[in-house]
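Please consult the sequence and the model shown here while reading.

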Amino acid sequence: MNFTEYLRERILRERLKEHRILVVFDSEGRYEAICDALADEKCKVIRSAGRPVTSRMEVLDEWKKLCADSTLRSQLVLYTRDAPPTTDDEKRSHPFTAFVTAGSQFPDGPKDDYQQLCFRFLPDRRTEITQLFSATDTPSLAHIDSLAGGVHAHPRLESIFGTGEVSKILLRFLAPDLRVKESLDGSTDWCEEFRQLTDRTLGFRFDPRATQADTIRPKLWQFLLFSEFAIDLPGTMPEALVALPRAEGMAIPVVLDLCQELRKNHQTKEAYREAANEIQSQLDLPHECEGLANLGNRDTFSFEEARFLAKAITAIRGRLLDQAKKILDVHHHSLWTEEGERQLLWRILELCLDTLGAIKQSNEQLKLLGAGGSALCSLYEKEVCKVDRFQRELENAVAQTDQGFDEVEDAVQLVRGDYRQHLNQLQERFLGAVQQEGWPLDGIPANQSTFDRVVTPLLKAGTKVAYFMVDALRLELAQKLSESMAQDFPNQLTATCAQLPCVTRFGMAALLPDCEENLRFEMIQGELQPVYAGDVISSREKRLEIFSRNLRDRVTNLRLDQLLKESKTTAQVAKLKTVLKDKDLLVITSTELDESGESSLSLRQHLPNVLDQILRAIRRCAELGFQKAVIATDHGFIWLDELDSGSICTKPTGDWSLKKRRCFIGRGDEAPGSIRFSTSALSIPTDEPSMVVPRTLGAYERGNEYFHEGLSLQESLVSYLVADLTALHRTERAMKAPELILDRKRNKVSSLIVAVNLSWPGEKSLLGEVLEFDLFAIQDKQVIGSPISSDVVDPVTGWVRLSPGESIKVSLRLTDEAKEGSFKVKVRDLKTEKDLASLDLTYDPHVF
């Protein structure tokens, strides 16, 4: 392969395969013929020289063709003699900037500098190349080709490895496939060529008597990896390691590029991981480097990754957040952090920084906020509730750890302390607004009027409505639900003031029709109960009777799990659609969120399942012919990591008709640390005069860390969603189910955190299409594992995001119910619920 072919095939065409659009800026005119040679039946090449208007129109026509190409195989090269735009003004004014954004450009950064490309093509000829570039004229492609055809030929190596490129020969020697391994083992006549090649390129000299690849390979691995480690080390090398051979001079950039490629390449990274761990163990690097405070920036070996994580945690402890963020940016996506618990620990670090950053921003915004509860709630809805979202995601990630929590515990505890302080400051501001304005706050609708204000007009207009009554869907979860369904179902979220007290039987009663006229809270047999037109409606069944009383045969109801169970197949959907054809209102009830929080179950563990079920149910309602979905809730919640002694408030004394962990209603005194409101000021429909709540986010008695009975933004500011279900039929396009691949190097696992590779073979989508899939582990028909928190996992639903042409690593956390023996990992289509790929594994906790 000559230099021209190298540039065309290895640089430009590889970039085209990845991005489908390539803009080539060539002010020197060096690459024009190479670009022309890219043209074929699937690749269109357009040159803009001398005809900017015509070429731009031609480009737009080709762009439309690319977008319409369902095979994702068509490509577009835009060639211009312009220099690459560098400033923001230049980028805004250049006609091809949009196409760079949609695809890629060449050159793109220092790696595409002409001299660097020459070095990459002939890494063993760096000295001669440097001499050529030191002359007055820049060397031509022909000059570089003349070097390639010089005395340093290696025909036997080309025959074995199928290439004359030095970097590829080295990569394939270090991580050989079966064919290469058999060729190397079957002969020794390659050894001298290889010895000369590594000597000339890397400065690596092995004994001429060594003729076995399996003998040479570990020595080359150690030379390369230790060289990179030494090059990156800013201080003095430990004495025990000083004498080890390493690369020097012109070989250094070759070694750095090669190590980077070994870690990045999917075909070599596992071999790199094994070799690096073996070298680390043999050289006892963690012990030898124990006294080094600074290991540089590259994490060549796994022990460095752990040191970098510890350094970031120390920075957070010292509140040096910018320093911790820099460490995160460099190491978050390294080879050592892309799977298993290491990936999870770095995700926890990221969420710690996200939460602290959101707290800081929220506190600054609160300082600038004017008076009024409406302004406070608006700011909370738009910005401040991000703190609650990050905190929930952080605690969810912490709950997924297996053995590594000690490494991040200091940072997590600092965040927990700051979060509590933030909540109490916000609470003080919020309660002050309620004292001034009462409840509901000025300008914010009451949740009590949701049915009459939203559902009733839709029914009167002849719209078929699915009405979801979801227990404990707090505001930030509703926002995430809105985002998740937006692609299929346009929707609008409206914040409302929950009916107080934030107790399920009262909050759910407030979601019924005609509540303002008919709903009261009265003492029944010594306990405060919701009463509707004289009937006690504290249970689900009694509340549903109100719908039947008001709407008669136009309404029916299903539990969330019941709806999903009865509509799993196409036949079941058709049958249920027939049953529901005369129903204008379908009421779907869900108590899964609140039950998980109130019981010993982990809400954080079950939250993805519940949100997944709600989204599936909304889609089923669209398939069943309902035109609108209204998703309402009774209250929000707070979930802290634990309640310390300082969070327990003194109970108020008096005659109380309702006693909850976060509120008392009745007659009595205001205890220290509490605040008393009149029930009339809080729009509580009862004859009981007072409601007392803690001033902070504490509780009146111990219990689990989940609570919702009080008066706070997290508990009391809720919302409803209105979604257009008819949009599914207007926008959904037929799409063949993707053929995904699940694999893993070893089929036996000993840890509760299991890493798998998930791939979507084929060309990348021009439009950046991303689909979500359900990935889970199953054993004896029971789900025993779900994805851990990561960049490719939705933090609410737990769905995995993947694009065409992409390959990702995903780690699953097995539950404690996982038993020794075989299990499967499956990936499932969310719309059809068809299994797209599966992987058979064996769990053996005794294998290490």
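Predicted model: local features only at pLDDT ≥ 70, side-chain atom pairs only at ≥ 80, totals over all residues.

## The second largest cavity

The structure holds two cavities of 30 Å³ or more.

The second largest cavity is lined by Q391, L394, E395, V415, R416, Y419, R420, L640 and D641. Helix α20 (373-399) and helix α21 each supply at least two residues of this lining, and α21 gives the most, with four residues. Sorted by class, the lining has four nonpolar, one polar and four charged residues.

## Helices α17 and α21

Helix α21, which spans residues 405-437, also packs with helix α17, which spans residues 302-317. Two packed helices are described by the angle between their axes and the distance between the axes. The axes of α17 and α21 come within 9 Å and cross at roughly 20°. Because angles under 35 degrees count as roughly parallel, α17 is roughly parallel to α21. Their crossing is left-handed.

On the α17 side, the contact involves A306, L309, I313, I316 and R317. These residues meet E407, V408, D410, A411 and L414 in α21. The residues of the contact of α17 with α21 comprise seven nonpolar, no polar and three charged.

## Helices α18 and α19

A further pair consists of helix α18 (residues 321-331) and helix α19 (residues 340-368), whose axes come within 11 Å and cross at roughly 145°. The crossing of α18 and α19 is left-handed.

Helix α18 contributes L321, A324, K325, I327, L328 and H331 to the contact, and α19 contributes W346, L349, E350, L353 and L356. By class, the residues of the contact of α18 with α19 divide into eight nonpolar, one polar and two charged.

## Backbone features in the loops

The loop between α17 and α18 contains R319. This residue has a positive phi of about 60°, although R319 is not a glycine.

Two cis peptide bonds may also be located in the model. One joins F106 and P107, with omega about -5°; P107 is placed in the loop between β4 (104-106) and α6 (114-121). Another runs from W439 to P440, with omega near 5°. P440 is found in the loop between α21 and α22 (450-460).

Technical notes: Residues numbered from 1 in each chain as written. Heavy atoms only, no water. Axes fitted to C-alpha atoms, helices over the stretch in contact; angles between N-to-C directions. Parallel < 35°, antiparallel > 145°, perpendicular 65-115°, else oblique. Left-handed = near helix turned anticlockwise from the far one by under 90°. Contact = heavy atoms within 4.5 Å. Nonpolar A, V, L, I, M, F, W, Y, C, P; charged D, E, K, R; others polar. 1 Å grid on protein atoms, 1.4 Å probe; cavity = no way out; pocket = protein on both sides within 12 Å on 5 of 7 lines; lining within 4 Å. Points joined across faces, edges and corners; volume = space filled by probe spheres on them.
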